[in-house]
Amino acid sequence: MLLEIKELKAGYGEIQALFGVELSLEEGSTLALIGANGAGKSSLLRCITGLIRPTGGQILYNKKNIAAYRPYDISAMGIAMVPEGRRLFPSLTVEENLIMGQCNKREQEWTLERVYDLFPPLKGFRKRMGTELSGGQQQMVAVGRALMSNPRLLLCDELSLGLAPVVIKDIYRTLETVTKTGLSLIIVEQDINQAIAASNSFLCIREGEIVLSGTRENADRNLIAKAYFGN
Amino acid sequence: MPDTPQVKSSFSWQIKKPIAGPIILALAAVFCAVFPLFGSTGTLRLMNEIMALMIMAQAWNLLAGFTGFVSIGQQAFIGIGAYGLFVTSIETGLNPFAAVFLGGLAAAVVGILSAPALFRLRGPYFAIGTWVLAELFRIVILNTQKFGSGSGLTLARVIKTIPREYRTSGTYWVALFLTVFTIFLVYFLLRSRFGLAVRTVRDNEASAESVGVNILRIKFIVFIISAFLTGCAGAISYLNTMFINPYATFSVEWSALLIFVVIIGGIGTIEGPFIGVLFYFFLRETLSDFGTWYIIALGLVAIAMMLFVPNGLWGMVSKRFNINLFPTGATVVMKKG
Amino acid sequence: MIAWIDTLIQGVLLGGFFALSGLGLSLSFGIMHIVNIAHGDFLVVAAYLCLVICGLFGLNPLLAIIIVIPLMFLFGYALQKTILNKGVDGGELSPLLITFGLSIILHNLLQEFFSADAKSLDVGAFEVASLNIGPLHIGWLPITILVTTLVVYYILHQIMESTKFGMIVRATVDDPEITSLMGVDTKKINCLGMGLSMTIVGIAGTLFGIKSSFFPLAGGLQLLFAFEAVIIGGMGSIWGTLLGGMSLGIAQTIGYRIGSGWGEFAGHLVFFLFLLLKPSGLLSKETQHA
């Protein structure tokens, strides 16, 4: 198991967001996290990356509990995130944004060249500020930036938010080619169909708890809808 | 709160009924009222000093603790209050005890005039802006003969017109009146509808705006009240010493002192400044043989409090024993549902 | 006419110093979001530090600056690491109050160790030597200060725009959370940022001690001047601070010409006018990126 989460509890100040979440992910596989707004998906990702510190439970990555680790240490261990809303650095150029990914000093696998090969449109915008690009191109930079940190596990938060369907398809297709190299993926989406189609298995989260799990093959629309919206 | 509040619980909220606070305060007021009967002139002076600092601390606390507006230029209002008193009673022969309130008014007027510029500054910038204001007035006084320029003014001639036995006790009564007035004013302000609005501004400007609270007006009113009280306290403070000069009166050390006092006692509570003021005078009187080390000690304690006990001494006590003498905050009551 | 040209030149020269000291303040706000109330006091501390070093090794202050700089860098780094990084979690007002506390402690410590008497750093004849162009007398010392300021601005600009460290700093300013996800310990960046700010304070403090006498309480006014330079120039813009410093210098010199006691007053007044009429300053962050 690359990632195993047990009894995870977390929250913001006095508001608890996660109530004992369980999750496991095999190396090289893709997991979809689905759930409505505020269900706890983003909180879960923030816990894994160390942005919020869990109040209970374990996050075993490579059999090591990383629940109390700092974000930069977790990054150095090979977990990267494409954050919701892309969040490029506005005062950095596209290329600088990509180079920022290498700050964790992991062994070089990904280079600027490889990212440009993966997302050819970016090559022409190297010296432009990241925020001058279109939404889809910005998302490519965000994915590229995460890949530049040479992750073993990549977390993608709401990749499709605000993007045209064609662009979404494109980005997911690219991600598929990347996963063939053995990269593990957790994708968070509100678009259930998109998410399940792109992954091996899925978890449905509601009010901070896992309420349904399954694989792509046995995904039952009715069950999912029920789990998604509650009773 | 024994339970961690959870998403699934329901809320209700209430303002606690005050009992202990006003009773203790009434007892304290009775003690203070009879105090001049047995206190010496020296202890009366000390009491005046304590009460002046108490008023200043409450005024700063009202501004910072309840609206989030941090000023480190309170010496502007202290100085204007003090100079207001000195100049009016020297020039017009007005009774200096009555002139205390004129000093406060002068400070309030300066507050009204400077607010349009200062309110353009946010957070830390507001803090330094108020300090610049104090500097402006210091320089004006330094360059004005009538205000005694750099050498200052003395009340010696004015005070001769007042019978000896009232000289210190007169100041004492004014100070006592203003202290009680300040505490009740702050207390009732915060328990009123206005107080609820003030706290909303502190906690979240955006949501305050959305429920129709006029943030700027609230801030303005609190700022002026605070300026008035600080001006009065400054006037009392220098009425007590009879001598004034622009360097000491407009010194930033004033702000430092009253901020330390509030932070150590507990920001955002009425009890906090009490405890903080007592702590300061305790420190000063016990370390008086060691020069300025008591200020250094006070600063160190304040920094440590800021880092490790942001709720101050009173916050520690009230949490430990669950007491609240002046319940001004609406407490959220959680019910498991 | 000549008198006004002279005033303008003196103003720009004086402004050079404000711009330098303002740069240190601007950095600590821009990078760490800390409004360092003790900024002026650190300037004074640097001057005293230089005084001690000169006394110990018999050095000229302009040489001793080489020792002052690394010491101030280390001091800034340590200060951020031990105290300020912990305070940052409590919002932006917590570091303000902490540095205010530090300021008062420094006042009293300096008074305990060096007495309240004014001191100065002696550079001999250089202090009064001047360049004479016709009727104008321009002191070599103010010229040196202005040139130093410009050099420091240039170097800082190069660091920010052309080095990896500068890139990481800009990223941290943009979005500290995402920067930490990139494997950067942003608290360490804050420490280096404060070190950098204090390096500039070290340079400015030494020059301050050479150009005027100093005493334990001298820092307060220096903070206000630096602050006014930053606000007049526009928050968050490094080049704005340079212009802001110049404007403040010119305002003060004009004030001094009107009456010897009114120089600072004129500066404060210009500051308030800016707040009322152009609160975003000369160059605000929206229009200019440093």
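**Entry 1: salt bridges, the count.** I began with the total: over all chains, the structure holds 15 salt bridges. A salt bridge here is a side-chain nitrogen of Lys or Arg within 4 Å of a carboxyl oxygen of Asp or Glu.

**Ground rules.** I noted that this is a predicted model, where local features need pLDDT of at least 70 and side-chain atom pairs count only at pLDDT 80 or more, while totals for chains, interfaces and linings use all residues. Residues are numbered from 1 along each chain as its sequence is written, chains are lettered from A and ligands numbered from 1 in the order in which they are written, and side-chain values use heavy atoms, with hydrogens and water left out.

**Entry 2: two pairs in chain A.** I looked up Lys9(A) and found a salt bridge to Glu7(A), with the closest N and O atoms 3.5 Å apart. For exposure I used these cut-offs: buried is under 20% relative accessible area, exposed is over 50%, and partly exposed is in between (1.4 Å probe, protein chains only). Lys9(A) is partly exposed because its relative accessibility is 33%. Glu7(A), at 42%, is also partly exposed.

Next came Glu217(A), whose side chain meets that of Arg216(A) in a salt bridge, 3.9 Å from N to O. Glu217(A) is exposed at 63%, whereas Arg216(A) is partly exposed at 38%.

**Entry 3: between chains.** Which residue does Arg170(C) meet in a salt bridge? I found Glu96(A), at 2.8 Å from N to O. Arg170(C) sits in helix α6 (residues 164-174) of chain C and Glu96(A) in helix α3 (residues 94-100) of chain A, so this pair joins two chains. Helices are DSSP runs (H or I, at least four residues), numbered from the N terminus. Both Arg170(C) and Glu96(A) are buried.

I also wrote down a network of salt bridges that links Arg46(A), Arg87(A), Asp175(C) and Glu177(C).

Helices α2 (39-57) and α3 (61-88) of chain C each supply at least two of the patch residues. The largest share, four residues, comes from α3(C). Leu56(C) lies in α2 of chain C, and Leu56(C) is exposed at 63% relative accessible area.
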